[in-house]
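Subject: Structure handover

Hello,

Here is the structure I said I would pass on. My notes on it follow below.

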Amino acid sequence: MAECNSMTMSSGNTYNDNCHQQTAVLKASLHLFDDIELGPNVTIADYGCSQGSNSVMMMQHVLKRMPPSSTASLIFEDLPSNEFSSLIKLLPELCSSNPSLKIYPSLVPRSFYESVLTPNTVDIGFTSCTIHWLKRMPEIKPPTETVEEYYSKRYARNAPSAKEDFHEFLTYRGQEIKSGGYLIIGCLGGFTKEELAGSYKDATVIRHKAVFKAVEKLVEQGVLPQEAVANINVPIHDRLVEDFLSGIEELKDTWVMEKYERKLVSHPAYYKYLSIVKDADREGKIAAAKEYAGTNIDWILAIMGDMLKSWWLQAGVKEDKIDEYYEMAKATAKDILWKEGPGGAEMPMMYTRLRRV
Ligand SMILES: C[S@@+](CC[C@H](N)C(=O)[O-])C[C@H]1O[C@@H](n2cnc3c(N)ncnc32)[C@H](O)[C@@H]1O
């Protein structure tokens, strides 16, 4: 059986510093909390909280609606390999920001593809930008395949396991969330064929490919060994709308879908890029495109930078060289991405609010 995925976001608070796209994704879900009736004693769980800056924003959004003297139990859950220390630093401010409330945070370092919380204890479960992460590591890119081919076959390869993972995720949450409680999901999706045939480009794939092309370039230059590109098996799956909706439908005895929305959410840096290039001369346009590409690569590496480094270590790169080569790969990826053009901006997100039967 394939190894479980324990890959997590880049450490050293890097994720918190570069997660503006996920912040935009999360903000687009907050209205789904607004008509939920909050009793005097509420338990909220964020599944896949990462280093916490977005998670804390969601918790604050709910806390500010709670009546004075209420009690809030806030559960932050993520993989054991997650850098919880960054999140812990945010908790004192979160707890003191609502002095009229009694706030009890707790951390749960476990995979959400298992039962992680006491049955029937959660009022509101939440998860944003998380369930596209697969439970198990997918197949490594076959050596005969280029990065381009790997990405073109990725959906078909991962769809069966992603279907099982979603079923498990919803089943476990169905045990933890109280009858009448809620589960709010923001799930990364894929573009439709029509969107891709029109003006949209698959920005996630374009950014991934820029990173792997940069690694290939360092291999060609003899900086990194051939094995450094052999390990590509990014454990994510961008579900299509029909996969998402049918996955929920399968568990209709457990969950009622109260709301569903699909939104295309852009990185905030894209709006900055557009506003600069509108009136800029050639030099100004180039500078803006470089800045936008740079922000995108910093963001994607805040997600998979530590993953790359771990593959290079396995490929025999000396530990004391990893950071130097990483900086080279990062600079090369930024250069590749800006030369290829902005490469799309929108992330297709599927949002739902489910009610536990
Ligand atoms: C892109 S981050 C999103 C973090 C946060 N929800 C946000 O919106 O900023 C994805 C998070 O999902 C977590 N994750 C991935 N697989 C997981 C699993 N099986 N169990 C728990 N967390 C997982 C990762 O560790 C990471 O922190």
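Where is the place of N120? N120 sits in the loop between β3 (102-109) and β4 (122-128); helices (H or I, at least four residues) and strands (E, at least two) are DSSP runs, numbered from the N terminus.

Two points on how to read the rest. This is a predicted model, in which local features need pLDDT of at least 70 and side-chain atom pairs count only at pLDDT 80 or more, while totals for chains, interfaces and linings use all residues. Residues are numbered from 1 along each chain as its sequence is written.

N120 is not a glycine, yet its phi is positive, at about 55°. It counts as exposed because it has 12 C-beta neighbours inside 10 Å. On this count a residue is buried if 20 or more other C-beta atoms lie within 10 Å of its own, exposed if 12 or fewer, and partly exposed in between, with C-beta atoms placed from the backbone.

S69 also has a positive phi in a residue other than glycine, near 70°. S69 lies in the loop between α3 and β2 (71-78). S69 counts as exposed, with 9 C-beta neighbours inside 10 Å.

E3 belongs to the segment before α1. E3 is exposed, with 9 other C-beta atoms within 10 Å. Leaving out residues up to four places away in sequence, E3 touches R136 and M137; two residues are in contact if their C-beta atoms, placed from the backbone, lie within 7 Å. From E3 to R355 there are 352 residues in sequence and 33 Å in space, C-alpha to C-alpha.

The ligand has 21 residues around it, of which G48, S50, N54, S111 and W133 come nearest. A residue is near a molecule or strand here if its C-beta atom, placed from the backbone, lies within 6 Å of it. By class, the shell has 10 nonpolar residues, 10 polar and one charged. For these classes, Ala, Val, Leu, Ile, Met, Phe, Trp, Tyr, Cys and Pro count as nonpolar, Asp, Glu, Lys and Arg as charged, and the others, Gly among them, as polar.

Helix α3 is largely enclosed by the rest of the structure, because eight of its 11 residues are buried. The buried residues are S53, N54, S55, V56, M58, M59, V62 and L63. They pack against α1 (14-18), α2, β1 (41-47), β2, α4 (84-96) and β4.

Nonpolar cores

A nonpolar core is a set of buried Ala, Val, Leu, Ile, Met, Phe, Trp, Tyr and Cys residues joined through C-beta atoms within 7 Å. The largest has 51 residues, and I44, M59, I124, C187 and M349 have the most contacts inside it. Strand β5 (residues 177-188) supplies the largest share of this core, seven residues. Apart from this core lies another, of 37 residues, including Y151, V211, L224 and A329.

As for M59, its contacts are I44, L74 and L94, leaving aside neighbours within four places in sequence.

R173 is found in helix α5 (residues 147-176). R173 counts as buried, with 26 C-beta neighbours inside 10 Å. With neighbours within four places in sequence left aside, R173 is in contact with G125 and L183. R173 and F126 are 47 residues apart along the chain, and their C-alpha atoms are separated by 9.9 Å.

Helix packing

How do the helices around α10 pack? Helix α7 (residues 203-220) and helix α10 (residues 282-314) pack at an angle of about 85°, their axes 10 Å apart. Axes are lines fitted to C-alpha atoms, for helices over the stretch in contact, and angles run from 0 to 180 degrees between N-to-C directions. α7 is therefore roughly perpendicular to α10; angles under 35 degrees count as roughly parallel, over 145 as roughly antiparallel, 65 to 115 as roughly perpendicular and the rest as oblique. In this contact, R207, H208, A210 and V211 of α7 meet N296, I297, I300 and L301 of α10. These residues divide into five nonpolar, two polar and one charged.

The axes of helix α9 (residues 268-279) and α10 come within 9 Å and cross at roughly 175°. The two helices are therefore roughly antiparallel to each other. A269, Y270, Y273, I276 and V277 of α9 make the contact with G284, K285, A288, Y292 and T295 of α10.

Regards
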